[in-house]
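Morning, everyone. Please have a look at the screen. I'll keep this short.

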Amino acid sequence: MVTLEDRFSAILDRAEKTHSLSREDIATLLRAEGEQSQALFQKADDVRKRHLGNGVHLRAIIEFSNNCIKNCLYCGLRRDNRKLTRYRMTVDEIFSAAFNASREGFKTIVLQAGEDPYYKPEVIADLVRRMKSCSDVAVTLSLGDLTKDAYQKMRLAGADRYLLKFETSEPLLFGRLRPGTNLTGRLKQLSLLKELGYQVGSGNITGLPGQSLESVAEDILLLRELEVEMAGIGPFIPHQQTPLRNSLPGDLYLNLKVLAVTRLLLPLTHLPATTATAAVHPSGRRLALKAGANVVMPDLTPLPYRSYYDIYPGRAGIQVSNSYSWWNEELEQIERSIAGGYGHGAIHTSPDQQF
Ligand code: SAH
Ligand code: SF4
């Protein structure tokens, strides 16, 4: 007789061997509890180790503006949040923060912001050019929806990667949570970025209000279909100054299972232990690193700006863990180490980009 345990193990083995599963099988893995969930985390950790080794890539993130023209229901930077102190870093401030991060040892600088038309694409392109000529770093941009022309200018200036999460693969939920936009448009942006030669990162939020387990399983399948080089997977955290203030937060345990299944299906994709996991649990990032993650993105935004980048609550409590040397020691304790090289995408990397 085939027991439920046998069925679970068979799905795990199939995932490890073929990196492919049906939506139903993914949902079964996401429902795992107790020993089964431990087996899932262990398998994801094995796959991570086999395909990507013990190195953890550190990406320094600089959040240079918290102004946003969009009004996403989940996000504290949304246009209608009048209680937030807004800031814009000057180009020289951004450059200095990036330069200092590269001197600390970071090999990737991520520039992120709300959607802020104040910064013209030419200005960002010049900044990227300057960063690439003064420091030996890869540059990731995460600036939301821009025009093809803007993406192209920044890519020609040397930007290597672009991070644009699809957040949810469910069209109705997407439309409700991101007013004035739709999932089809987001997916078009992602394929455009790929066409322009960016290493494309995307990702999703787990535990959004109104999201079913099957819908989360579908998110994982979409990540696989897109063959993303990087996937940011973080739990939903309700923010008091948003319409979702009274919604339940996402569950870290579910988020870790989503991460682990994603690792099984996308063995070469860079998976960060996201800041959101650290915001909901003091050991969130450690747990994520043991469930398939191989990237961390310390926040190198200068003070006082950092405290105003209030996407979701809980970020203030994780300020200690932002230096290169802190991570060096932290990783040693969990028998991991800082990875050498830029940590370029491992799936579609072009020959001019070495690891
Ligand atoms: N404006 C850009 C980048 C900044 S937002 C963009 O939207 O792409 C960065 C990420 O923060 C988003 O992709 C989203 O996944 C995450 N985020 C925003 N609000 C959140 C919340 N309340 N809980 C969890 N993640 C959130
Ligand atoms: Fe703006 Fe990004 Fe927040 Fe949406 S998620 S409101 S686009 S910063």
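I'll talk about the ligand site, then the salt bridges. Keep in mind that this is a predicted model.

Let's start with ligand 1. Which residues come nearest to ligand 1? There are 16 residues around it, and the nearest are Tyr-74, Lys-165, Glu-167, Ile-237 and Ile-311. That shell splits into 10 nonpolar, 3 polar and 3 charged residues.

Now the polar contacts. Take Tyr-74: one of its backbone N or O atoms sits 2.8 Å from a nitrogen atom of ligand 1. Ala-113 also uses a backbone N or O atom, at 3.2 Å from a nitrogen atom of the ligand. Glu-167 uses its side chain instead: a polar atom there lies 2.6 Å from an oxygen atom of ligand 1. And how much of ligand 1 does the protein cover? On its own, the ligand has 540 Å² of accessible area, and the protein covers 92% of that.

On to the salt bridges. Side chains of opposite charge can pair when their charged atoms come close. This structure holds 24 salt bridges.

Pair one is Asp-80 with Arg-82. Their closest N and O atoms are 3.9 Å apart. Buried or exposed? Asp-80 is partly exposed, because its relative accessible area is 36%. Arg-82 counts as exposed, because its value is 68% and the cut-off is over 50%.

Pair two is Arg-186 with Asp-145. Here the closest N and O atoms are 3.1 Å apart. This pair links distant parts of the chain, 41 residues apart. Arg-186 is in helix H8, residues 183–195. Asp-145 is in the loop between strand E3 and helix H6. Why does Arg-186 count as buried? Because its relative accessibility is 6%, and buried means under 20%.

One last item: a network. Salt bridges with shared partners join Lys-70, Glu-115, Asp-145, Glu-167 and Arg-186. Two of those names have come up with pair two: Arg-186 and Asp-145. Glu-167 you know from the ligand site, with its side-chain contact to ligand 1.

That's my tour. Over to you.

Methods: Residues are numbered from 1 along each chain as its sequence is written. Chains are lettered from A and ligands numbered from 1 in the order in which they are written. This is a predicted model: local features need pLDDT of at least 70, side-chain atom pairs count only at pLDDT 80 or more; totals for chains, interfaces and linings use all residues. Side-chain values use heavy atoms; hydrogens and water are left out. A residue is near a molecule or strand if one of its heavy atoms lies within 4 Å of it. A polar contact is a pair of N or O atoms within 3.5 Å; within protein, one must be able to donate a hydrogen and the other to accept it, and residues adjacent in sequence count only if both atoms are side-chain atoms. Accessible areas come from the Shrake-Rupley method with a 1.4 Å probe; for residues, only the protein chains shown count as cover. Ala, Val, Leu, Ile, Met, Phe, Trp, Tyr, Cys and Pro count as nonpolar, Asp, Glu, Lys and Arg as charged, and the others, Gly among them, as polar. A salt bridge is a side-chain nitrogen of Lys or Arg within 4 Å of a carboxyl oxygen of Asp or Glu. Buried means under 20% relative accessible area, exposed over 50%, partly exposed in between (1.4 Å probe, protein chains only). Helices (H or I, at least four residues) and strands (E, at least two) are DSSP runs, numbered from the N terminus.
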